[in-house]
Amino acid sequence: MPKTSARLLSLLSLLQARRDWPGALLAERLEVSERTVRRDVDRLRELGYPVVATKGPDGGYRLDAGAELPPLLFDDEQAIALAVALQIAATAGVGIEEAAARALNTVRQVMPARLRRRIDTFQITAVERHATAPPPQVDSGVLMALSAAVHAREVLRFDYEPVSPSRMDNGGVPRRVQPHHLVTWGGRWYLVAWDLDREDWRTFRADRITPRIPTGPRFVPRELPGGDVAAFVAGRFRGFDGSGDWPCRGEVILDVPAGAVSPYVRDGVVEELGPNRCRLVLGSWSWPGLAATIGRFDADIEVVGPTELKDAFAHLARRYDAAASGRNG
């Protein structure tokens, strides 16, 4: 790439990184004179980038939003990051797979050959965790409406579809919430919000939300319990009870290599004790559920503790024995 073109690319990246740049600071970062910076700014304007001069003691430049999209310039890392992001978009469950593929093809066509070769070696295959129950698709318009309400801090009204007809407590009536965060978890999209009618924090699946318009008045954001949205959502899916941990957690030793266990343990701890032996610390909503989860590993089990986990294994043993012998109960 010619030196001038490379410098223009660097200048554009700097202008995109922050709102205002003093001319002297830009010259220092680019290792050129302020006069060269002025000439390069004029070249960017000729390409369609709305670079405006700012007044003040230092004087400087700002990249304003333009009415038309000018030719885009990316450095190598930005181009690769964009291509990777577009490939990952196929796993987002937002119904934008085809659009992402077309955008990737457009970006690829204008890439230098050296970058195209790098992108072509990076191929992603999306594999659902449960082939019989793929994550539900979410309308992109719904996500945009939720995101806009979160950004504007406006009360959101929506209809929430019940999980099943027998669980009308989950829906059937409009909900009024203060939306705080839009997050993804396990291939699904969720809205974390303060429910105004129930006066508590709630987590709603985005694919079950039908927004109502207009939105309500603006609100002052509340402090999310713990202050960390990722920890809050993870806690909700662990049956969070305020302790920040699973309600039931136990420890066992399995006669199986750690490498055969760790790929299937998302938030547990696996410790290698030998070539064919490992320690597993895992949590669940209930002791029988924890025992059943551990039992899926085809290995002999030594329960380290607690007693409740041992009792759960005994309980399941009696139940499985009855099932094997054909006895009822």
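This is a predicted model: local features need pLDDT of at least 70, side-chain atom pairs count only at pLDDT 80 or more; totals for chains, interfaces and linings use all residues.
Biologist: Which residues does Glu302 contact, leaving aside its neighbours within four places in sequence, and what separates the C-alpha atoms of Glu302 and Asp255?
Modeller: Leaving aside neighbours within four places in sequence, Glu302 is in contact with Val252, Ile253 and Arg277. Asp255 is 47 residues from Glu302 along the chain, and the separation of their C-alpha atoms is 8.5 Å.

Biologist: Where is Pro306 placed, and what is the form of the peptide bond that joins Gly305 and Pro306?
Modeller: Pro306 has its place in the loop between E12 and H10. Most peptide bonds are trans. The bond joining Gly305 and Pro306, however, has an omega of about 0 degrees, and its form is cis.

Biologist: Which loop holds Pro214, and what is the form of the peptide bond from Ile213 to Pro214?
Modeller: Pro214 is found in the loop between strand E8 (209-212) and helix H8 (229-236). With omega near 0 degrees, the peptide bond from Ile213 to Pro214 is cis.

Biologist: How do helix H9 and helix H10 pack, in angle and in distance between their axes, and what is the class composition of the contact?
Modeller: Helix H9 (residues 287-295) and helix H10 (residues 307-325) have axes 8 Å apart and pack at an angle of about 75 degrees, which makes H9 roughly perpendicular to H10. On the H9 side the contact is made by Trp287, Pro288, Leu290, Ala291, Ala292 and Ile294, and on the H10 side by Glu308, Leu309, Ala312, Phe313, Leu316 and Tyr320. By class, this contact of H9 with H10 has 11 nonpolar, no polar and 1 charged residues.

Biologist: Which residues make the contact between helix H1 and H3, and how do they divide by class?
Modeller: The axes of helix H1 (residues 3-17) and H3 cross at roughly 85 degrees and come within 10 Å, so H1 is roughly perpendicular to H3. Thr4, Arg7, Leu8, Leu11, Leu12 and Leu15 of H1 make the contact together with Thr36, Asp40, Val41, Arg43 and Leu44 of H3. The residues of this contact of H1 with H3 divide into 6 nonpolar, 2 polar and 3 charged.

Biologist: Is Asp40 buried or exposed, and which residues does Asp40 touch, not counting residues up to four places away in sequence?
Modeller: Asp40, whose place is in helix H3 (residues 34-46), is buried, with a relative accessible area of 0%. Asp40 and Leu8 are 32 residues apart in sequence, yet their C-alpha atoms are 6.3 Å apart in space. Not counting residues up to four places away in sequence, Asp40 touches Arg7, Leu8 and Leu11.

Biologist: Why is the pair of Phe158 and Phe204 edge-to-face, and how many residues apart in sequence are the parts that the pair ties together?
Modeller: A search of the whole structure finds 4 aromatic pairs. In the pair of Phe158 and Phe204, the ring centres are 5.2 Å apart and the planes stand at 80 degrees, so the pair is edge-to-face. Phe158 lies in strand E4 (residues 156-160) and Phe204 in strand E7 (residues 200-205), so the parts tied together are 46 residues apart in sequence.

Biologist: Are Phe158 and Phe204 buried or exposed, and which residues form one aromatic cluster?
Modeller: Phe158 is buried, with a relative accessible area of 0%, and Phe204 is buried at 2%. The rings of Tyr160 and Phe204, with centres 5.1 Å apart and planes at 80 degrees, also make an edge-to-face pair, and this pair links Tyr160 in strand E4 with Phe204 in strand E7, 44 residues apart. The one aromatic cluster is formed by Phe158, Tyr160 and Phe204.

Biologist: What is the phi of Glu31, and is Glu31 buried or exposed?
Modeller: Most residues other than glycine have a negative phi. Glu31, in the loop between helix H2 (23-30) and H3, is not a glycine and has a positive phi of about 60 degrees. At 73% relative accessibility, Glu31 counts as exposed.

Notes:
Residues are numbered from 1 along each chain as its sequence is written. Side-chain values use heavy atoms; hydrogens and water are left out. Rings of Phe, Tyr and Trp (its six-membered ring) pair if their centres lie within 6.5 Å; planes under 30 degrees apart count as stacked, over 60 as edge-to-face and the rest as tilted. Helices (H or I, at least four residues) and strands (E, at least two) are DSSP runs, numbered from the N terminus. Buried means under 20% relative accessible area, exposed over 50%, partly exposed in between (1.4 Å probe, protein chains only). Axes are lines fitted to C-alpha atoms, for helices over the stretch in contact, and angles run from 0 to 180 degrees between N-to-C directions. Angles under 35 degrees count as roughly parallel, over 145 as roughly antiparallel, 65 to 115 as roughly perpendicular and the rest as oblique. Contact means heavy atoms within 4.5 Å. Ala, Val, Leu, Ile, Met, Phe, Trp, Tyr, Cys and Pro count as nonpolar, Asp, Glu, Lys and Arg as charged, and the others, Gly among them, as polar.
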